[in-house]
Amino acid sequence: MNVLGIETTCDETAAAIVAAGEDGRGLIRANEVLSQIAEHAAYGGVVPEIAARAHVEVLDRLIARALDTAGMRLAEVDGIAVAAGPGLIGGVLIGLVTAKTLALVARKPLLAVNHLEAHALTARLTDGLAFPYLLLLASGGHTQLVAVKGVGDYVRLGTTIDDAIGEAFDKVAKLLGLGYPGGPEVERMAEGGDPERFALPRPMLGRHEANFSLSGLKTALRIEAERIAPLAERDVADLCASFQAAVVDVVVDRLRVGLRAFAEVAGHPTALVAAGGVSANGAIRRALAAQAGEAGLAFVAPPLNLCGDNGAMIAWAGLERLRLGLVDDLTAPARARWPFAEPKAA
Ligand code: KG4
Ligand code: ZN
């Protein structure tokens with residue numbers, strides 16, 4: 001079984017072909033990603049109209065290239081998966097209309113995949129992981145702790161009440177005059193910095209719902225930065241290191257709570273899983289691995305090229321749905337907002 005996956009929800013245009021592999025894993029036969037970072041860099045963030053136009057310009061070629069790399073013709077794929085949301089609606093529409101057209105012309109099942117669900121299922125693509133597992137999904141727009149119990153069966157244990165973790169990294173980078181996207185820049189600067197120079201808050205520490213709050217931390221950092229301005233390179237490094245250390249402490253504390261909440265809804269997890277762009281962060285990965293170790297759990301995080309947005313995760317989520325007969329028809333809507341997990345009952 002081979003599925004074509006298309007991703008256009010944000011600033012990456014991506015197309016991939018994934019097959020069912022051995023041990024329950026997926027086999028990535030092609031994974032083409034074209035980042036639009038250069039197009040948005042001058043604006044310090046993603047401009048939706050520029051993103052949509054850039055998707056239109058390259059998507060056809062990218063799909064052709066993915067088929068080429070996999071050595072397949074469209075007629076040979078078993079399904080066409082596309083991220084139908086959540087995301088920037090212009091981009092989502094381009095991916096969805098393209099996928100619908102291909103599905104119609106080639107008479108293939110359409111799989112309208114939730115982008116967040118695709119991040120959530122990536123650990124099965126890479127590691128063939130069994131359900132249920134505890135997921136920390138952290139990206140530019142989302143921060144959630146989720147009990148992943150099965151395909152389409154997700155319980156949200158906690159979420160952010162303000163900024164997403166990736167968003168906080170991006171805002172801090174902007175504030176400090178670093179490039180976009182901010183996460184990798186802040187991490188790079190933090191490497192040479194002193195994480196103890198600035199005493200930044202650890203919001204939500206000790207609270208017993210598994211929610212996050214990041215905006216106070218970002219504000220505290222801004223106040224420190226303004227206090228010592230103009231900033232030397234050393235100051236920026238120390239600010240980044242102090243910020244990242246605070247985020248790590250918050251994540252570890254929130255996960256501790258998340259693990260308890262998980263037991264209530266899903267019993268014992270097979271693993272602790274990280275997904276989404278932020279899971280590329282080395283400091284966060286190391287802290288999660290240590291925490292999983294303490295809890296006697298395996299830690300699974302995608303390789304770096306599958307942390308950020310990509311087509312392989314969309315193809316895989318489509319494949320999982322196709323196997324279960326969860327196909328969509330041509331009326332599937334594009335959704336700017338699309339929660340994928342049910343909140344845990346209080
Ligand atoms: O999942 P993703 O590629 O796109 C969505 O938001 O769906 O995540 C992008 C986010 C951005 O906010 C980016 O700054 C953050 O992930 N990110 C990082 C790192 N790499 C990417 N945050 C912290 N450390 C990193 N190394
Ligand atoms: Zn994403």
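**Note on the shell around ligand 1**

1. In this predicted model, the shell around ligand 1 splits into four nonpolar, 12 polar and three charged residues. Nonpolar means Ala, Val, Leu, Ile, Met, Phe, Trp, Tyr, Cys or Pro; charged means Asp, Glu, Lys or Arg; the others, Gly among them, are polar.

2. The shell holds 19 residues. Each has a heavy atom within 4 Å of the ligand. G140, D170, E187, G277 and N281 are the closest.

3. Backbone atoms face the ligand's oxygens. For G183, a backbone N or O atom lies 3.0 Å from an oxygen atom of ligand 1. For G277, the distance is 3.0 Å. For V278, it is 3.5 Å. A polar contact here is a pair of N or O atoms within 3.5 Å.

4. On its own, ligand 1 has 560 Å² of accessible area, and the protein covers 87% of it. Areas come from the Shrake-Rupley method with a 1.4 Å probe.

5. Two or more shell residues come from each of α4 (115–127), α5 (165–175) and α6 (182–190). The largest share, four residues, is from α6. Helices are DSSP runs (H or I, at least four residues), numbered from the N terminus.

6. Why does ligand 1 lie between domain 1 and domain 2? Domain 1 (2–122 + 308–341) and domain 2 (132–269) both give residues to its shell, so it lies between them. The bounds come from an automatic or database domain assignment.

7. Residues are numbered from 1 along each chain as its sequence is written, and ligands from 1 in the order in which they are written. Local features need pLDDT of at least 70, side-chain atom pairs count only at pLDDT 80 or more, and hydrogens and water are left out of side-chain values.

Technical notes:
A polar contact is a pair of N or O atoms within 3.5 Å; within protein, one must be able to donate a hydrogen and the other to accept it, and residues adjacent in sequence count only if both atoms are side-chain atoms.
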